[in-house]
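These are my notebook entries on one structure. I wrote down what I looked up, entry by entry.

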Amino acid sequence: MGSFYNDKEIAPEFRNYAMQKISEIPNIKKVVIESRAEYLTKEKLQGSKRLLGNKILEFSIGLESSDDFIRNSIINKGLSKKGFERCMQLCAETGTEFMAYVLIKPPFVSEKYAILDSVNSANFVFDTAEKFGVNARVSFEPVFIPENTFIEDLYLNKKYNVLNLWSVVEVIKNSYKKGIIFAGLSDENLSKDRFTRSCNKCTEKICKAVEYFNKTQSIEKIQSLSCECRKEWFNEVKDVIK
Ligand SMILES: [Zn+2]
């Protein structure tokens with residue numbers, strides 16, 4: 001993914017031109033930009049805000065996990081907590097909104113710990129946002145298996161099992177009270193076995209409930225989900241579920 005505020009990737013003139021053009025489109029209410037932490041400055045955010053006029057600017061960043069080892073040793077993100085907090089502070093100072101991407105089940109993380117890690121990460125985002133007084137939301141990204149990647153090697157060598165959809169449900173149930181959250185369920189046109197799923201009977205039903213939740217932030221459909229296959233999943237993860 002590109003960094004909107006990396007001057008070598010996107011020239012400042014083009015960035016300003018794009019913001020200017022967007023500001024002229026009445027139907028657009030919110031503009032979401034993504035950038036690595038190190039390219040973010042107060043001046044850049046202020047510049048975008050100024051050009052956008054009364055539209056909402058949202059800065060998004062891949063936190064992936066609040067666990068330093070998972071984030072920087074497993075995923076090689078190169079993002080310190082300090083760097084993350086700095087972004088939050090710049091958003092606070094410029095009236096910019098914030099979105100953090102959080103992975104569900106990075107490699108080498110068990111199904112059980114994946115749930116905990118994602119919930120902890122969302123808590124970390126919302127707690128930090130509260131500390132700085134920023135409007136924030138969290139987008140959960142279930143890990144999938146793209147071709148020709150490291151995670152595909154692990155998957156083909158049976159060292160990584162695809163995330164169970166019930167874990168996504170569990171993460172939502174344990175995070176929704178803290179703030180606005182989403183779970184990305186775009187399957188990137190991968191074969192079914194490479195993206196989060198449960199059994200044939202309930203996968204579609206659960207996906208629909210998650211999509212409904214994403215749109216409405218209303219938890220009822222998620223709460224009422226059930227299927228025989230949940231038991232097997234539950235036995236694997238039960239000691240982290242209250
Ligand atoms: Zn099922």
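Before I looked at helix pairs I noted the rule for handedness: a crossing is left-handed if the near helix is turned anticlockwise from the far one by less than a right angle, and right-handed if clockwise. I also noted that helices (H or I, at least four residues) and strands (E, at least two) are DSSP runs, numbered from the N terminus.

**Ground rules**

I am working on a predicted model, in which local features need pLDDT of at least 70, side-chain atom pairs count only at pLDDT 80 or more, and totals for chains, interfaces and linings use all residues. Residue numbers start from 1 along each chain as its sequence is written.

**Entry: α5 and α7**

I looked up how helix α5 (residues 111-132) meets helix α7 (residues 165-173), and found that their axes come within 9 Å and cross at roughly 30°. Axes here are lines fitted to C-alpha atoms, for helices over the stretch in contact, and angles run from 0 to 180 degrees between N-to-C directions. The two helices α5 and α7 are therefore roughly parallel to each other. For that word, angles under 35 degrees count as roughly parallel, over 145 as roughly antiparallel, 65 to 115 as roughly perpendicular and the rest as oblique. The crossing of α5 and α7 is right-handed.

Next I listed the residues of this contact: Glu-111, Ala-114, Ile-115, Ser-118 and Val-119 from α5, and Ser-167, Glu-170 and Val-171 from α7. Residues are in contact if their C-beta atoms, placed from the backbone, lie within 7 Å. Sorted by kind, the residues between α5 and α7 are four nonpolar, two polar and two charged. In this sorting Ala, Val, Leu, Ile, Met, Phe, Trp, Tyr, Cys and Pro count as nonpolar, Asp, Glu, Lys and Arg as charged, and the others, Gly among them, as polar.

I then checked how covered α7 is: eight of its nine residues are buried. A residue is buried if 20 or more other C-beta atoms lie within 10 Å of its own, exposed if 12 or fewer, and partly exposed in between, with C-beta atoms placed from the backbone. I wrote down the buried residues of α7 as Leu-165, Trp-166, Ser-167, Val-168, Val-169, Glu-170, Val-171 and Ile-172.

**Entry: α4 and α5**

On the α4 side I found Glu-85, Met-88, Gln-89 and Ala-92, which meet Thr-128, Ala-129 and Phe-132 in α5. The residues of this contact divide into four nonpolar, two polar and one charged.

**Entry: the sheet**

In which order do the strands of the open sheet stand? I read it as β1-β2-β3-β4-β5, five strands with parallel pairing. Two strands pair if DSSP finds at least two bridges between them. At the edges are β1 (30-34) and β5 (180-183), each with a single partner strand, so one side of each is left without a neighbour in the sheet. From one strand to the next the twist averages 25°. Helix α4 packs on the sheet, where it touches β2 (56-64) and β3, and its direction makes about 170° with that of β2.

I looked at one pair in more detail: strand β3 (residues 97-104) and β4 pair in the parallel sense over seven bridges. Met-99 stands opposite Arg-137 in β4, and Leu-103 has Glu-141 as its bridge partner in β4. Strand β4 (residues 136-142) is mostly covered, with five of its seven residues buried.

**Entry: loops**

I noted that most residues other than glycine have a negative phi, and most peptide bonds are trans. Asn-76 is not a glycine, yet has a positive phi of about 55°. I located Asn-76 in the loop between α3 (68-74) and α4, and Asn-76 counts as exposed, because 9 C-beta neighbours lie inside 10 Å. Gln-217, also not a glycine, has a positive phi of about 60°. Gln-217 lies in the loop between α8 (203-216) and α9 (220-223), and counts as partly exposed with 13 C-beta neighbours inside 10 Å.

Last, I looked up Val-162, in the loop between α6 (150-156) and α7. Val-162 is partly exposed, with 19 other C-beta atoms within 10 Å. Not counting residues up to four places away in sequence, Val-162 touches Ile-145, Asp-193, Arg-194, Phe-195 and Thr-196.

Technical notes. Contact = placed C-beta atoms within 7 Å.
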